Amino acid sequence: MRSALPWVTTVSRLILAGVLVIAGWGKIGTPVLSVEAVKAYQLLPDPVATAVGYGLPILEIVVGILLIVGLLTRVAGIASALLMLAFVIGIASVWARGLRIDCGCFGGGGQLAAGEEPSYLIDILRDFGLFALGVIIAWFPPGRFALDSALGLTPGRDSGRHDDDPESDDEELREGEDD
Amino acid sequence: MGKEAREARQRLKAQREAERERERKKRIATIVTVAVVAVGAVGAGWWFAAQSSQSEQPTTALAPITRAADGTVVMARPGVDKPVVDVYEDFQCPACKSLEETSAATLKNLAAEGRVKVVFHTVTIFPQDLFEGVTRANSVRAAAAARCVPAGPAWMTFHDRLFKEQPPEDAEGFAIDDLVAWGEDAGVTDPNFATCVKNQQHAAAHLADSDKTLQAAQIDGTPTLKLNGAAVEQGTAFNPSALRQAVLDAAK
């Protein structure tokens with residue numbers, strides 16, 4: 001378990017990052033449609049919906065990139081977990097209110113295509129799964145292939161836990177990399 | 001002896017403390033830098049998104065507007081027959097409203113500059129089983145009323161007004177009395193206009209043309225823009241400067 005955990009975090013990071021980057025990329029080319037998709041939820045007042053429509057795609061991409069390279073991993077993990085939680089709540093609320101929209105998760109203006117049925121349950125399950133990945137990433141160390149470890153940004157986490165332990169793991173890691 | 005050893009150990013400890021402090025500062029500096037870059041990137045992306053969807057200012061004089069036999073409305077300067085932009089839109093479709101707000105001014109300006117011929121195809125895409133037919137009925141009422149408006153600047157004013165007043169998809173809107181009033185606001189003087197709207201005189205013709213258009217044009221949904229017959233990507237259609245460039249390139 002101890003040896004598998006870093007890989008679990010790394011894989012979680014890559015999956016979550018992949019989805020975020022694809023989702024952001026699908027939206028960023030057409031900010032107007034992105035705004036339209038946010039408005040389709042009928043949750044936010046128009047000016048806020050516009051700001052979210054413009055800002056969300058780039059936020060997803062930036063958080064996704066941070067997750068891929070493993071920088072500020074914990075913050076990125078928390079941010080993506082919060083995003084996914086917000087999506088789950090948004091979609092559930094649309095479902096509960098009987099609206100018929102496309103979640104706009106990967107682009108589009110939130111309109112169902114002709115003859116298309118909403119896929120709320122699948123969307124919610126997917127986003128909840130991604131939320132769980134976000135929690136794993138925020139909870140555990142950044143895992144393999146993380147710039148956080150390479151730059152020595154992680155010991156803040158360890159040294160807080162055991163002050164008397166002379167940062168053994170970390171020093172080993174750094175020495176190993178110097179070779 | 002013991003004292004010296006203790007002092008040495010304390011010196012070492014102090015050194016180690018200082019080292020740790022330096023490390024801590026370096027760490028904070030790196031974290032702050034990364035955070036600033038990340039927030040900066042989000043800000044820049046946000047700004048860029050807002051910029052790219054900035055609409056053109058419409059010029060005052062529109063290109064002449066005429067109506068073809070198949071119910072389509074053509075906006076072009078005399079003699080301009082290419083490139084052609086086909087606009088497939090439904091007065092009830094929210095994304096069409098966004099396209100109207102974003103890119104309509106670009107098409108109007110390009111047509112007024114004599115750089116493009118714009119053909120408006122009004123269609124009804126909503127099926128009867130959506131919201132018990134409310135959405136479809138809205139769409140048909142508006143489209144039929146628009147056909148009562150004689151071709152000319154008044155048609156464009158009416159067209160723009162319909163998008164501005166677009167009701168939610170699940171609520172009844174485009175009431176007959178409103179449609180008549182908006183037509184009069186748009187400058188329609190035809191005495192038969194009110195009757196034409198009230199009787200929904202052109203509803204059947206609109207639906208027939210709409211079905212024919214949707215079949216023939218093979219579009220996935222509205223809005224769709226076609227440039228010389230090829231569908232324009234949404235990323236271009238909804239980006240006024242990209243749309244202008246695409247039309248100018250097609251003229252070469």
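The report below takes up domains, a helical span and a sheet in turn.

**Domains**

This is a predicted model. In chain A, the domain assignment gives domain 1 as residues 5-145 and domain 2 as residues 148-179. These two domains touch: 5 residues of domain 1 of chain A are in contact with 4 residues of domain 2 of chain A. What classes of residue make up the side of domain 1 of chain A that touches domain 2 of chain A? That side has 3 nonpolar and 2 polar residues, with no charged residues.

Chain B is also assigned two domains, domain 1 (1-52) and domain 2 (65-251). Their centres, taken over C-alpha atoms, are separated by 59 Å.

**The helical span of chain B**

UniProt, in an unreviewed entry, lists residues 28-49 of chain B as "transmembrane region". In the model, the span 28-49 of chain B is 100% helix and 0% strand. Its end C-alpha atoms lie 31 Å apart.

**The sheet of chain B**

Chain B holds an open sheet of 6 strands with mixed pairing. The strand order is β1-β2-β4-β3-β5-β6. Which strands form the edges? They are β1 (65-67) and β6 of chain B, each of which pairs on one side only.

Strands of a sheet pair through backbone hydrogen bonds, in a parallel or an antiparallel sense.

| Strand pair | Residues of the strands | Sense | Bridges |
|---|---|---|---|
| β3(B) and β5(B) | 84-89 and 224-227 | antiparallel | 4 bridges |
| β5(B) and β6(B) | β6(B): 230-231 | antiparallel | 2 bridges |

Val87(B) has Leu225(B) in β5(B) as its bridge partner.

How many residues lie between β5(B) and β6(B) in their hairpin? There are 2 residues between them. One turn residue, Asn228(B), has a positive phi of about 50°. The hairpin formed by β5(B) and β6(B) brings in β6 of chain B, one of the edge strands.

Methods. Residues are numbered from 1 along each chain as its sequence is written. Chains are lettered from A and ligands numbered from 1 in the order in which they are written. This is a predicted model: local features need pLDDT of at least 70, side-chain atom pairs count only at pLDDT 80 or more; totals for chains, interfaces and linings use all residues. Domain bounds come from an automatic or database domain assignment. UniProt positions are given in the numbering used here, feature names are shortened, and annotations may be inferred rather than shown by experiment. Two strands pair if DSSP finds at least two bridges between them. Two residues are in contact if their C-beta atoms, placed from the backbone, lie within 7 Å. Ala, Val, Leu, Ile, Met, Phe, Trp, Tyr, Cys and Pro count as nonpolar, Asp, Glu, Lys and Arg as charged, and the others, Gly among them, as polar.
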